Amino acid sequence: MSAFIRVRLWLISPPEPSSLTGKLPVPPSCPCHVRPISPGTISWASRGAILRPSLAERNTMASEYKFSFGPWNISEGNDPFGPAVRPTVAWGEKLRVFKRLGFDAVMFHDDDIVPDIERKEWAQIEREAKEMRKAIEAEGLVTEVTAPRLWEDARTVDGAFTSNEASERKWAIERAKRCIDISNVMNCGIVVLWLAREGTYVREAKRAIDAHKWLLEAVNAMLAHDPKIRIAIEPKPNEPMDHAYIPTIGHALALGAVSNDPKRVGGLIETAHSLLAGLDPSDDMAFALAMGKLWSVHLNDQNGLKYDQDKSFGAANLRVAWNQVRVLEQAGYAKTGAMVAFDVKAMRTQRAEVATKHLANSRKIFLHLVEKVRTFDWNIEKQCVANRDYEELEMAILEHLMGVGKK
Ligand code: 3MF
Ligand code: MG
């Protein structure tokens, strides 16, 4: 019997630790703390029961991570085929939901902070932004990110930074600068660029080479406008456009790398957007993390290559969700100061009284997965990798996620 099979049998019925190694090893709390193991023995940590975090430990987990969502994540349920099915929730009411559900921060579009922004002068915009900052701080909240909403104005029907009209491109850059000014009032150092309409329905409609140069010009104009602001590009391959110009995190970081201040351009990865690009969100996150460029995440879920569904985190692809949490844990993401945002939508079928469950549930699933990552015996991963036995590794992970197999 190979040492490895002995280990797996041991997992089913572990002997007392003293008969194994003579002492009780300390359980590794996360993959970064995996200890080397001697051949033929396995850590006492494999005994799931003693690894289950206590309530205090779970509270620590929750407070290590900072969570946010945006006002648009509490919505009326309209879709392209039907109108609203829930009444609009006033901002004041939404504001109270954040703390109640255990959230720490708000992500805002510029016009979430100052409605009708296009009709207002700076003095009024500044006044309203200050009021908003006071209102969220009174709730114990901060602003995670701001984002210029460049895709609803009539001037951006065919693109903002990449419109064929010079005057429209100019307008878009001015609006992005204004968003930076609002961000400063909100004491928020990150502006997100979701480049909604930067792309085409018909390839020949734009000169793509020029369009990419215009995107770079826009990023440079934003960097020049404020010496401290950081720009987090949120890539998405399609929707609303057939094809977007910045479809992946690779494109986003390449653009940043040739900007006038690469260290102030990073990325935000949304689960659904990676899936829509046919990519694995955890690998996209790992790529950005390896470059020190993952400045926020929009966790959610998605059934394959369909419209952008913004489902609750883990609801469609639990294993994919586990890997996202695994990679964030491995990187010590919480300690980088970056937050976990949920860009999720309540199902249209959800009644108004229960139309915030998607937020509470996404946070809960995230924390359950943190617990799962921290209680997996990473020695199993080490041994399986050493033996190149990935079927065994996969089974161990699936059993761990299902809570079966090692009782
Ligand atoms: C669209 C999105 C956006 C962006 C947001 C950035 C409405 O698929 O994900 O959500 O996340 O605009 O601030
Ligand atoms: Mg998003």
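This passage describes a predicted model of a protein and the surroundings of its ligand.

The protein has 407 residues, of which 40% count as buried. Its secondary structure comes to 16 helices and ten strands. Among contacts between residues at least 6 apart in sequence, 74% join residues at least 24 apart. The average pLDDT is 89, and 86% of the residues score at least 70. Over residues 1-50, however, pLDDT stays under 50, and the model has 54 contacts beyond four places in sequence for this stretch.

Strand 6 spans residues 230-234. Four of its five residues are buried, so strand 6 is largely enclosed by the rest of the structure. Strand 6 also pairs with strand 8, again in the parallel sense, over three bridges, and here the bridge partner of Ile233 is Gly267 in strand 8. Strand 8 in turn runs parallel to strand 9, with four bridges between them; Ile269 is bridged to Val297 of strand 9. The next pairing joins strand 9 to strand 10, residues 339-342, and is likewise parallel with four bridges. His298 has Ala341 of strand 10 as its bridge partner. In a regular strand, side chains alternate between the two faces of the sheet.

Strand 9 is mostly covered, with six of its six residues buried. Together with helix 13 and strand 10, strand 9 makes a right-handed β-α-β unit. The loop between strand 9 and helix 13 holds Gln302. This residue is buried, because 23 other C-beta atoms lie within 10 Å, and the cut-off for a buried residue is 20 or more. When residues up to four places away in sequence are not counted, Gln302 touches Thr271, Ala272, Leu275, Leu276, Gln309, Lys311 and Ala316. Gln302 and Phe313 are eleven residues apart in sequence, and their C-alpha atoms are 8.8 Å apart in space.

Helix 12, residues 281-290, is mostly covered, with seven of its ten residues buried. These are Pro281, Ser282, Asp284, Met285, Ala286, Ala288 and Leu289. An α-helix has 3.6 residues a turn, so residues three or four places apart point the same way. The elements that cover the buried residues of helix 12 include helix 10 (249-257), helix 11 (271-276) and helix 13 (318-330), together with strand 8 (265-270) and strand 9 (294-299). After helix 12 comes Gly292, which has a positive phi near 70 degrees.

Most residues other than glycine have a negative phi, and most peptide bonds are trans. The peptide bond from Glu239 to Pro240 is cis, with omega near 10 degrees. Pro240 lies in the loop between strand 6 and strand 7, the latter being residues 243-244. Glu239 is partly exposed, with 15 other C-beta atoms within 10 Å. Another positive phi in a residue other than glycine is that of Asp116, near 55 degrees. Asp116 is found in the loop between helix 6 (110-113) and helix 7 (122-138). With 10 C-beta neighbours inside 10 Å, Asp116 counts as exposed, because the cut-off for an exposed residue is 12 or fewer.

The residues around ligand 1 are Trp72, His109, Ala147, Val192, Trp194, Glu234, Lys236, Glu270, His298, Asp308 and Asp343. By class, this shell has five charged, four nonpolar and two polar residues.

Key: Residues are numbered from 1 along each chain as its sequence is written. Chains are lettered from A and ligands numbered from 1 in the order in which they are written. This is a predicted model: local features need pLDDT of at least 70, side-chain atom pairs count only at pLDDT 80 or more; totals for chains, interfaces and linings use all residues. Helices (H or I, at least four residues) and strands (E, at least two) are DSSP runs, numbered from the N terminus. Two residues are in contact if their C-beta atoms, placed from the backbone, lie within 7 Å. A residue is near a molecule or strand if its C-beta atom, placed from the backbone, lies within 6 Å of it. Ala, Val, Leu, Ile, Met, Phe, Trp, Tyr, Cys and Pro count as nonpolar, Asp, Glu, Lys and Arg as charged, and the others, Gly among them, as polar. pLDDT is the predictor's confidence in each residue, from 0 to 100. Two strands pair if DSSP finds at least two bridges between them. A crossover is right-handed if, with the strands pointing away from the viewer, the path from the first strand over the helix to the second runs clockwise.
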